[in-house]
Amino acid sequence: MARLDSHIASAPIPYLGLAIFQGWETNPAAIACSVLGSVICDVDTERSIIGDLFPIAKLCKKAGIEIEHQGFFHSLTFIAVVGILTSPLLLLGWKEAYIAFLLAIFISHQVLDGIISDPPAQGIKWLAPISEDRFVFCPNPEFSFEYGSKQEAVLRWIMVVITGVLLTINLFSPRLILNYYFADAQAAVEIIDMWGSNYELKA
């Protein structure tokens, strides 16, 4: 499992990367949903902040039901269930927020927990409850990151930088950048005119 701040640092990366290539403008609601998605899996433990807000683990414990950390709530099955339950967001026109939420659950939490764990190389049960097998990205403990280690701190700061770069690119019109590289001159001119800039386009 990764630290809370590591999950949050990586949360917007999948959405911002997709937004650049889709030509979406920065959507604060989608970024907020990505942050929620990056931590929602930890409702399976009482030790997490999200576990305090949504005391599923505590209620199950009182009912005599044992929930294993990094089990069902860290599985692909959980993503499918959440995807169905939150699908009304699509009807409300919140497509970007919906996609950002699900992407963050998978990449910003589950994949990150597959890289960082305590003990190292523990992995997560991606196919729970169908299978109890654990999946890890670095089976060799020497090459996996331990929870709270210096390697995790370095990785976290790298993700902060990536988030900042992607957000900057997204704010400065991804369509203009893509149109420049794909030589869509007419579309680039339209965007420049929309900005009200005095740029001069030369063939």
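Trainee: What does the secondary structure of the chain come to?

Mentor: Eleven helices and two strands, taken as DSSP runs numbered from the N terminus (helices are H or I, at least four residues; strands are E, at least two). The order from the N terminus is α-α-α-α-α-α-α-α-β-β-α-α-α.

Trainee: And how are residues numbered, and what is left out?

Mentor: Numbering starts from 1 along each chain as its sequence is written, and side-chain values use heavy atoms, without hydrogens or water. As the model is predicted, local features need pLDDT of at least 70 and side-chain atom pairs 80 or more, while totals for chains, interfaces and linings use all residues.

Trainee: OK, helix 2. Which of its residues are buried?

Mentor: Pro12, Ile13, Pro14, Tyr15, Leu16, Gly17, Ala19 and Ile20. That's eight of the eleven residues in helix 2, which spans 12–22. Buried means under 20% relative accessible area, exposed over 50%, partly exposed in between (1.4 Å probe, protein chains only). Across the chain, 42% of the 203 residues are buried.

Trainee: What comes just after helix 2?

Mentor: Gly23, with a positive phi of about 75°.

Trainee: Switching topic: how many aromatic pairs are there in the whole structure?

Mentor: Five. One of them is Phe72 with Phe78, edge-to-face at 5.9 Å centre to centre and 80° between the planes. Rings of Phe, Tyr and Trp (its six-membered ring) pair if their centres lie within 6.5 Å; planes under 30 degrees apart are stacked, over 60 edge-to-face, the rest tilted.

Trainee: Is Phe78 buried or exposed?

Mentor: Buried, at 6% relative accessible area, whereas Phe72 is partly exposed at 32%. Ring pairs also bring in Phe73, linking Phe72, Phe73 and Phe78 into a cluster.
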